[in-house]
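Here is a short tour of one structure, written for someone who likes to see where a ligand sits and what lines the open space. Have the sequence and the viewer open as you read.

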Amino acid sequence: MTKLRAIRGMNDILPEETPYWQSLERTVRALLHSYGYGEIRLPIVEHTELFKRSIGEVTDIVEKEMYTFDDRNGESMTLRPEGTASCVRAAIQNGLLAVPQRLWYAGPMFRYERPQKGRQRQFHQVGVEVFGIATPDIDAELILLSARLWRQLGIADDVTLELNSIGSNEARKAYRAALVEYLSARREQLDEDSQRRLESNPLRILDSKNPDTQALLNDAPALADYLDDEAKADFARLQALLDAAGQPYRVNPRLVRGLDYYNKTVFEWVTDRLGAQGTVCAGGRYDGLVEQLGGKATPGIGFAMGMERLVLLLSETGQALPVEQAADLYLVSMGEAAETEAMARAEALRDVFPEHRIVLHTGGGSFKSQMKKADRSGARLALIWGEDEVNAGTCAVKDLREDGGQETVAAAELPQYLRAALA
Ligand code: ATP
Ligand code: MG
């Protein structure tokens, strides 16, 4: 029989790794709370139509990365490849858009990509979305909020901010025509991928990784020359706000995003410590999306962070020490009466020490093997019950870390004794 394995690109996150995740999630949650953002929890499966209509039919995600299937009723469903579309759908459906909204969500996303370091088929994002604010002060707030997160995580020196404005839909349409004209005349100099994109999604050619293509783009029309006045003014204001806040950035005129719904501000936080998968956080403005999905015209802006990449960066830079994994107490017992006593004492101690890690040995076994497990648990103290202890109403307390000494403590005195010992 072939061994059952997880689906390629969908990873187990093991107990030795989860402390990094927990520490990251705690920091993110507290930060978003402190900026006045509210959490929204969204379904993992949505109607396929939602993603086609928002992300765009000719994007990589919709063309070749979605997990799409028919449910038992023959309706087309898709495992969400990102969160913005669902968040907009939920905001419209639940009438959240009458007033400005600052929202965030977290959870798994699914894309059929080639798995590699920092790129999975099931990956996790924390996403932040703001609805109802058209002015670039909110663009600045989102950027400063993310910058604060990097400082709190201790990775501020490892990431840099790239910024661009891609203007209004009309401006982009005019630019797209100019770019296509320029590149079509040099079609044979483009690689296959870019040739394909020339028809489907020519702006994506701008972020091609191919050096020849990049060289070819040096003399191509520049998006900045096609920006509408409003986008230009907003972009200037955003830069002024970032300057005033002392937030460094690099304007990258070739930064475009892979999803159709963006306009005006787009940004990415990138690191050079994770190889090709260097973008840890990306986002931008999407003023047309709410209306496009059937809501009342409402401006929107948001970003999403890739949690796997942040965890990689945290472990690579030695930041965010994992929360303590070791047990504090390990309770050992020999014989049925002692087992009964140990279980009752364990529950009583958990009442008194809710913050401590108290592990009760279960499953029997010799004294020697139980003590081995106690040692491996990393516990500071082993509490030991045998027949003698039960009869005498005591417990043997063995120090597993320091001198290995052992003391007999009256069972009733245990909380007091441990309070001093665990301090
Ligand atoms: P990339 O260019 O790396 O494919 P993207 O532009 O497709 O990224 P977005 O859709 O903007 O990514 O998602 C926001 C963030 O989510 C990315 O910057 C990245 O950190 C993370 N991310 C996206 N796809 C994956 C994936 N397959 N595995 C792990 N993280 C991912
Ligand atoms: Mg991608």
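## The second largest pocket

Let's begin with a pocket in this predicted model. The second largest pocket holds about 470 Å³ of space. Its lining is made up of 22 residues, and those nearest the centre are Asn-169, Arg-172, Arg-176, Asp-260 and Tyr-262. Two elements give two or more residues to this lining, namely helix H6 (169-184) and helix H10 (289-292).

Which element gives the largest share of the lining of the second largest pocket? That is H6, with 5 residues. If you sort the lining by residue class, you get 7 nonpolar, 7 polar and 8 charged residues.

## The shell around ligand 1

Now turn to the ligand. Ligand 1 has 15 residues around it, and Arg-111, Glu-113, Arg-119, Arg-257 and Thr-279 come nearest. The shell divides into 5 nonpolar, 5 polar and 5 charged residues.

Three strands each supply at least two residues of this shell: strand S6 (122-131), strand S10 (279-285) and strand S11 (300-306). S10 provides the largest share, with 4 residues.

## Polar contacts with the ligand

An oxygen atom of ligand 1 lies 2.9 Å from a polar side-chain atom of Arg-119. In the side chain of Arg-309, an N or O atom is 3.1 Å from an oxygen atom of ligand 1. With Gln-120 the backbone takes part: one of its N or O atoms lies 2.9 Å from a nitrogen atom of ligand 1. On its own, ligand 1 has 580 Å² of accessible area, and the protein covers 88% of that.

Arg-119 also has a partner within the protein. Its side chain makes a polar contact of 2.8 Å with the side chain of Glu-113. Glu-113 is itself among the residues that come nearest to ligand 1, and this residue sits in the loop between strand S5 (101-110) and S6. Is Glu-113 buried or exposed? Its relative accessibility is 14%, so Glu-113 counts as buried, the cut-off being under 20%.

Lys-264 is a residue to check if you look at backbone angles. Although Lys-264 is not a glycine, its phi is positive, at about 50°. The residue lies in strand S9 (residues 263-270). With a relative accessible area of 7%, Lys-264 is buried.

Gln-101 belongs to strand S5. This residue is buried as well, at a relative accessible area of 17%. From Gln-101 to Val-88 the C-alpha distance is 11 Å, for a separation of 13 residues in sequence.

Gly-246 is in the loop between helix H9 (229-244) and strand S8 (250-251). Is Gly-246 buried or exposed? Gly-246 has a relative accessible area of 56%, over the 50% cut-off, and is therefore exposed.

Ala-134 lies in the loop between S6 and helix H5 (136-153). Its relative accessibility is 43%, so Ala-134 counts as partly exposed. How far apart in space are Ala-134 and Asp-287, C-alpha to C-alpha? The distance is 7.7 Å, while in sequence Ala-134 and Asp-287 are 153 residues apart.

Ile-44 is found in the loop between strand S1 (38-39) and strand S2 (45-47). Ile-44 is partly exposed too, with a relative accessible area of 34%. The C-alpha atoms of Ile-44 and Met-109 are separated by 7.7 Å, and the two residues are 65 apart along the chain.

Notes. Residues are numbered from 1 along each chain as its sequence is written. Chains are lettered from A and ligands numbered from 1 in the order in which they are written. This is a predicted model: local features need pLDDT of at least 70, side-chain atom pairs count only at pLDDT 80 or more; totals for chains, interfaces and linings use all residues. Side-chain values use heavy atoms; hydrogens and water are left out. On a 1 Å grid over the protein atoms alone, a cavity is a set of points where a 1.4 Å probe fits but cannot get out, and a pocket is an open set with protein on both sides within 12 Å along at least five of seven lines; lining residues have an atom within 4 Å of a point. Grid points are joined across faces, edges and corners, and a volume is the space filled by probe spheres set on the points. Ala, Val, Leu, Ile, Met, Phe, Trp, Tyr, Cys and Pro count as nonpolar, Asp, Glu, Lys and Arg as charged, and the others, Gly among them, as polar. Buried means under 20% relative accessible area, exposed over 50%, partly exposed in between (1.4 Å probe, protein chains only). A residue is near a molecule or strand if one of its heavy atoms lies within 4 Å of it. A polar contact is a pair of N or O atoms within 3.5 Å; within protein, one must be able to donate a hydrogen and the other to accept it, and residues adjacent in sequence count only if both atoms are side-chain atoms. Accessible areas come from the Shrake-Rupley method with a 1.4 Å probe; for residues, only the protein chains shown count as cover.
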